[in-house]
Amino acid sequence: MTIWAKITLWFSALMIVIFAIMFSLIFVINRYVLYTDVKETLQTAVDSNTEEVEYTDDFESEDVEPGDHYILYGDGYLEIDDDFVQERRGVYTVLMDQKGRIIYGKPPVDIPLSDSEGVQIQMVGGEKYYVYHVRLTGENLKGLVLQGFVNEDASETILGRMVELTLLIVPVLVLTAIIGGYILAGTFLRPIREMTITAESINDGADLSRRIELKKGRDDLHQLAYSFNRMMDRLERAFENQRHFTSDVSHELRTPVSAILAQTELTLARDRTPEEYKKDLQLIQRQGGYMKRLVNGMLQYSRLERMEMLSEKEEVDLSQLVEMVSEEQMLNSQKGITLSYEAEPGLVIRGNTEMLIRLLTNLISNGYQYGKENGSIHVSLYKEDDRICIRVRDDGIGMEAHETDQIFHRFYQADAARSSQKHSMGLGLSMVAEIARLHHAEILVESEKGRGSEFLVIFKKN
């Protein structure tokens, strides 16, 4: 069973139980309220009729009001006002003497006069009746009793109608709730269905660009869908990186492999002198060394690409790091280039020391590689507001404005400078970009052809 079906069935069972409990409570409450209302109605009907019975010694015909009833009683008459209600909502009221004989009223059954006070229950002919009486206390009315009664069947009939109505309404409500629950479950689980469809389409067509398309939402399933999309972004990026990695390696290794094979065939084509063999072997050795450096560089770069976060973070004193790397790079000076530095003391960030050393080393090496004879490189470290900045400036060959967007791509410089930079692989600045990304840093470039370049790495506050 699908989660959708399970949720719908569980919700349906829960709603049936809830409505059953509600029906039982409604039945019990209504029964209590109804019986209470019947008793109150009985008492109210009898009490109100006590005001409609009076005694008179004599009366003239002109004093008779239409609708009133006069009954001979003792030495006078009982005046029954026309507002006297004999029956209302199944409640009957009769006027009786103290012996229980009916003086006024026509009840459907004869109910014996009760001596008990308050509402009583009496069984007459196998049926239950609620009975209530009031003894009259007016002038010459002593010994008279107003007694009211109502058949329990009247309340049972009303209750039965309510039960019938409830039994008609409850199934409709349950069915409506189940349908609503089914629709809501489908709506809530749509992200899961979309993920399933997307995953199947990716599996069938190997299309890593597919994503879950949902309306905006902030519930858990929407968050799951967003996480799935971010995961697919990473997978697609990793796949593209792997594809580019394979393509770049095959492209870059083609030249040295071809050179080694060609030189080997040429060497084996005829006998050579020891000096010629030595020269040929030295060429093969150089190409092999280049291949080794290329492979090592690509593996290191590939490891950087696969890291989405730094696994080993520590407090790094950038001031000491800049000083140490700059001193070391001064020993590797090339083309008579002068390296200088200045570092504001006590600047610390959280990061990976080895990577940060690689970042600064590659930036300085880039300045050496593309610097001019007897030129200069200047490294500076400083704090600006809540940011820490590393600036590496040289006065080398510089570059065109359109090149600044491409220099961080793998092998870009290798292709542009292969003739004069035989040992360059074009991976240095691409590693710088990856290391900056892993440290959530921003890297900016300013350059002018023939006037040099300036690289600015900005670390935001941790």
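Modeller: Buried means under 20% relative accessible area. This model is predicted.

Colleague: Why is phenylalanine 84 called buried?

Modeller: Its relative accessible area is 8%. The cut-off is under 20%, so phenylalanine 84 counts as buried.

Colleague: And what makes tyrosine 104 buried?

Modeller: Tyrosine 104 has 12% relative accessibility. That also falls under 20%, so the word applies.

Colleague: How many aromatic pairs does the whole structure hold?

Modeller: A search finds three. Phenylalanine 84 and tyrosine 104 form one of them.

Colleague: Why is the pair of phenylalanine 84 and tyrosine 104 called edge-to-face?

Modeller: Two values decide. The centres are 5.4 Å apart, and rings pair within 6.5 Å. The planes are at 80°. Over 60 degrees counts as edge-to-face, so the label holds.

Colleague: What does the pair of phenylalanine 84 and tyrosine 104 tie together?

Modeller: Phenylalanine 84 sits in the loop between strand 3 (76-80) and strand 4 (87-88), and tyrosine 104 in strand 6 (residues 102-104), so the pair joins parts 20 residues apart in sequence.

Colleague: What makes tyrosine 129 and phenylalanine 149 an aromatic pair?

Modeller: Their centres are 6.0 Å apart, within the 6.5 Å limit. The angle between the planes is 75°, over 60, so this pair is edge-to-face too. Tyrosine 129 lies in strand 8 (residues 127-135) and phenylalanine 149 in strand 9 (residues 145-151), so the contact ties parts 20 residues apart in sequence. Both residues are buried. Ring pairs link Tyr92, Tyr129 and Phe149 into a cluster.

Colleague: Why is helix 7 called largely enclosed?

Modeller: Twelve of its 17 residues are buried, so the rest of the structure largely encloses it. Among them are Met355, Leu359, Leu363 and Tyr368.

Colleague: What reaches the backbone nitrogen of glutamate 354 at the start of helix 7?

Modeller: A side-chain oxygen of asparagine 352, to within 3.1 Å. The limit for a polar contact is 3.5 Å, so the distance passes.

Colleague: Why is aspartate 97 called buried?

Modeller: Its relative accessible area is 12%, under 20%, so aspartate 97 is buried. It is found in the loop between strand 5 (91-96) and strand 6. Its side chain reaches the backbone nitrogen of lysine 99 at 3.0 Å. Neighbours within four places in sequence aside, aspartate 97 is in contact with Ile103, Leu113, Gly143 and Leu144.

Colleague: What makes strand 1 (53-56) and strand 2 (69-73) edge strands?

Modeller: Three strands form an open antiparallel sheet in the order 1-3-2. Strand 1 and strand 2 each have a single partner, so one side of each lacks a neighbour in the sheet. The twist averages 30° from one strand to the next.

Colleague: How do you know that strand 2 and strand 3 pair?

Modeller: They share five bridges in the antiparallel sense. At least two are needed, so they pair.

Colleague: Why is glutamate 327 called partly exposed?

Modeller: Its relative accessible area is 38%, between 20% and 50%, so partly exposed is the term. Glutamate 327 lies in helix 6 (residues 318-330).

Note on methods:
Residues are numbered from 1 along each chain as its sequence is written. This is a predicted model: local features need pLDDT of at least 70, side-chain atom pairs count only at pLDDT 80 or more; totals for chains, interfaces and linings use all residues. Side-chain values use heavy atoms; hydrogens and water are left out. Rings of Phe, Tyr and Trp (its six-membered ring) pair if their centres lie within 6.5 Å; planes under 30 degrees apart count as stacked, over 60 as edge-to-face and the rest as tilted. Helices (H or I, at least four residues) and strands (E, at least two) are DSSP runs, numbered from the N terminus. Buried means under 20% relative accessible area, exposed over 50%, partly exposed in between (1.4 Å probe, protein chains only). A polar contact is a pair of N or O atoms within 3.5 Å; within protein, one must be able to donate a hydrogen and the other to accept it, and residues adjacent in sequence count only if both atoms are side-chain atoms. Contact means heavy atoms within 4.5 Å. Axes are lines fitted to C-alpha atoms, for helices over the stretch in contact, and angles run from 0 to 180 degrees between N-to-C directions.
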